[in-house]
Amino acid sequence: MNKISTYSNTLFNIANKNNLLDQIELELGKIKHLYKTEPNFRLLFESKRINNETKQTILKSVLDTFEDVVVEFLCILINQKSSKYLIEIINKFTKLSNKAQHANEVEIITAGILDDNIITALSKKLNCTVQTTVDKSIIGGIKLRKGNKIFDNSISFQLNNLKKTLYNV
């Protein structure tokens, strides 16, 4: 497990530093798809009959339109005999990438449409990107969602809490 974290974190740091998160995530998705669906591609990584230099040459010629970082990363995995962790490393990288790309997003859920001036002010105040959603079922108030955290100050939430309290009395 430690190898998976080390490789994925290193690749994430390089991609993030060079503003290549989207591109590398897309290309790793293609690699993952090829690895899972094309037996010959998977065999290239797993075969012990093909030497590492030949594997790298094949990869570099097949993936010539891919980012150099991705191709070099795959070559490192082959040299370090760690290609058996490829899918897990890609999955972990994708999680890190998604978390980083959506870290500055807040969803505001209201019962009615918010004024653009309010949205702009909130965006500046919270220093993030604001996405708004209208959900009439909350009756009034507001719900904020950042990542998997939800702050619920809606009337429907308060009514449900009141209902539970009265039921327990």
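User: Hi! Which strands does H7 lie across, and at what angle does H7 run to S2?
Analyst: H7 lies across S1 and S2, and its direction makes about 140 degrees with S2. Angles here run from 0 to 180 degrees between N-to-C directions, with axes being lines fitted to C-alpha atoms, for helices over the stretch in contact. Helices (H or I, at least four residues) and strands (E, at least two) are DSSP runs, numbered from the N terminus. Please keep in mind that this is a predicted model, where local features need pLDDT of at least 70 and side-chain atom pairs count only at pLDDT 80 or more, while totals for chains, interfaces and linings use all residues. Residues are numbered from 1 along each chain as its sequence is written, and side-chain values use heavy atoms, leaving out hydrogens and water.

User: Thanks. And what does H8 touch?
Analyst: H8 (residues 155-168) packs on the sheet, where it touches S3 (141-146) and S4. The direction of H8 makes about 80 degrees with that of S4. Contact means heavy atoms within 4.5 Å.

User: Do S1 and S2 run parallel or antiparallel?
Analyst: Parallel: 6 bridges join S1 (residues 105-110) to S2 (residues 129-134). From S1 the chain crosses through H7 (residues 116-126) to S2, a β-α-β crossover that is right-handed. That word applies if, with the strands pointing away from the viewer, the path from the first strand over the helix to the second runs clockwise.

User: Which residues of S2 stand opposite Glu105 and Ile108?
Analyst: Glu105 stands opposite Thr129, and Ile108 stands opposite Thr132. On the S3 side, the bridge partner of Ile108 is Leu144.

User: OK, what's the strand order in the whole sheet?
Analyst: The order is S2-S1-S3-S4, in an open sheet of 4 strands with mixed pairing. Two strands pair if DSSP finds at least two bridges between them. S2 and S4 (149-154) are the edge strands, each pairing on one side only. On average, neighbouring strands are turned by 15 degrees against each other, direction ignored.

User: How many bridges join S1 to S3, and how many are there between S3 and S4?
Analyst: S1 and S3 run antiparallel and are joined by 4 bridges. S3 and S4 also pair in the antiparallel sense, over 6 bridges. There, Gly141 stands opposite Ser154 and Ile142 opposite Asn153.

User: What does Gly147 do in that hairpin?
Analyst: Gly147 takes a positive phi near 65 degrees, in a hairpin with 2 residues between S3 and S4.

User: Switching to helix packing. How do H4 and H5 cross?
Analyst: The axes of H4 (residues 52-62) and H5 (residues 68-79) come within 10 Å and cross at roughly 160 degrees. That makes H4 roughly antiparallel to H5. For these words, angles under 35 degrees count as roughly parallel, over 145 as roughly antiparallel, 65 to 115 as roughly perpendicular and the rest as oblique. H4 passes H5 in a right-handed crossing. A crossing is left-handed if the near helix is turned anticlockwise from the far one by less than a right angle, and right-handed if clockwise.

User: Which residues make that contact?
Analyst: From H4 there are Asn52, Lys55, Gln56, Leu59 and Lys60, and from H5 there are Val71, Glu72, Leu74, Cys75, Ile78 and Asn79. By class, the contact of H4 with H5 has 5 nonpolar, 3 polar and 3 charged residues. Ala, Val, Leu, Ile, Met, Phe, Trp, Tyr, Cys and Pro count as nonpolar, Asp, Glu, Lys and Arg as charged, and the others, Gly among them, as polar.

User: And at what angle do H3 and H4 pack?
Analyst: H3 (residues 39-46) packs with H4 at about 140 degrees, with the axes 9 Å apart. That makes H3 oblique to H4. Phe41, Leu44, Phe45 and Glu46 of H3 meet Lys55, Ile58 and Leu59 of H4. This contact of H3 with H4 has 5 nonpolar, no polar and 2 charged residues.

User: Last one: how far apart are the axes of H2 and H5?
Analyst: They are 10 Å apart, and H2 (residues 21-37) packs with H5 at an angle of about 45 degrees. In this contact Ile24, Glu27, Leu28 and Ile31 of H2 meet Val69, Val70 and Leu74 of H5.
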